[in-house]
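Dear colleague,

Here is the structure I promised to pass on. Please open it alongside this email.

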Amino acid sequence: MKVAIMQPYFFPYIGYFQLIQSVDLLIVYDNIKYTKKGWINRNRILHNSRETLFSLPLKKDSDFLDVCARELAADFKRDKLLNQITESYRRAPYYTQTFPLLEQIVNYSDSNLFNYLYHSITKTCNHLDIKTEIRVSSTVHIDHTLKNQEKVLALCAAANADTYINAIGGLDLYSKDIFQANNIKLAFIRAKPFEYHQFNNEFIPWLSIIDILMFNPLEKIRDVLLSNYELL
């Protein structure tokens with residue numbers, strides 16, 4: 001059983017979906033602290049040949065709340081976000097194919113941040129034909145007061161994992177020796193560069209999955225999900 005454990009992100013880059021594709025089970029953290037400077041509720045798209053941030057506005061609340069306790073702002077204008085995406089990509093070759101998916105995701109009515117993100121991840125996985133099982137971390141029966149590597153090991157044990165695959169950004173966070181002592185192989189996934197035409201402008205890499213969906217056929221994206229990475 002290959003397992004990955006990740007925070008939820010809003011329309012993340014393709015490496016996030018390569019990670020999901022590479023495992024049998026993805027555990028998505030809901031009971032993890034929300035971080036302002038991360039990518040939980042924001043990402044980047046191409047607008048007027050430049051990378052531009054887009055984000056989900058959140059209700060003002062304590063900085064110490066978990067993702068599952070945060071709420072979208074009451075004045076979140078879903079149509080404004082969709083209009084921003086339309087203005088950026090209306091001339092893209094796969095806009096017509098992609099925009100209905102984005103409408104389903106952005107117009108989702110649940111105001112809970114985790115539920116909103118979880119819906120976006122599962123809908124995007126379905127669109128990309130990713131069959132990986134996805135579970136919510138708080139539903140896994142472990143001691144949820146555990147932190148960092150200890151919590152990951154507990155989640156892996158509860159899922160009967162023999163392999164844990166993590167994003168390359170976590171290379172310095174985990175010890176292969178400790179995982180091996182727990183009979184779990186530890187590996188890291190690194191996306192390889194994937195360049196494509198963006199309105200014939202200079203290519204800007206690692207934007208939101210929205211960008212890749214707008215400029216590439218689904219068959220090509222699925223090939224990239226399956227092969228355009230390396231495991232370390």
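Below are some notes on its aromatic rings.

First, a caution: this is a predicted model.

Aromatic pairs. The count comes to 19. One of them joins phenylalanine 10 and phenylalanine 54. Their ring centres lie 5.9 Å apart, with 65° between the planes. That makes the pair edge-to-face. The two residues are 44 apart in the chain. Phenylalanine 10 sits in the loop between strand E1 (2-6) and helix H1 (14-21). Phenylalanine 54 belongs to strand E4 (residues 50-55).

Burial. Phenylalanine 10 has 0% relative accessibility, so it counts as buried. Phenylalanine 54 is also buried, at a relative accessible area of 2%.

A second pair on phenylalanine 54. Here the partner is phenylalanine 11. The centres are 6.5 Å apart and the planes meet at 55°, so this pair is tilted. Phenylalanine 11 lies in the loop between E1 and H1, while phenylalanine 54 is in strand E4; the pair therefore ties together parts 43 residues apart in sequence. Phenylalanine 11 is buried, like phenylalanine 54.

Charges over rings. Take a look at two arginines as well. The charged end of arginine 42 is placed over the tryptophan 39 ring, 4.8 Å from the ring centre. Arginine 91 has its charged end over the ring of phenylalanine 199, at 4.6 Å from the centre.

Best wishes

Conventions
Residues numbered from 1 in each chain as written. Predicted model: local features only at pLDDT ≥ 70, side-chain atom pairs only at ≥ 80, totals over all residues. Heavy atoms only, no water. Phe/Tyr/Trp six-rings, centres within 6.5 Å; stacked < 30°, edge-to-face > 60°. Helix = DSSP H or I, 4+ residues; strand = E, 2+ residues; numbered from the N terminus. Buried < 20%, exposed > 50% of the residue type's maximum accessible area, 1.4 Å probe, protein only. Lys NZ or Arg CZ within 6 Å of the ring centre and 35° of its normal.
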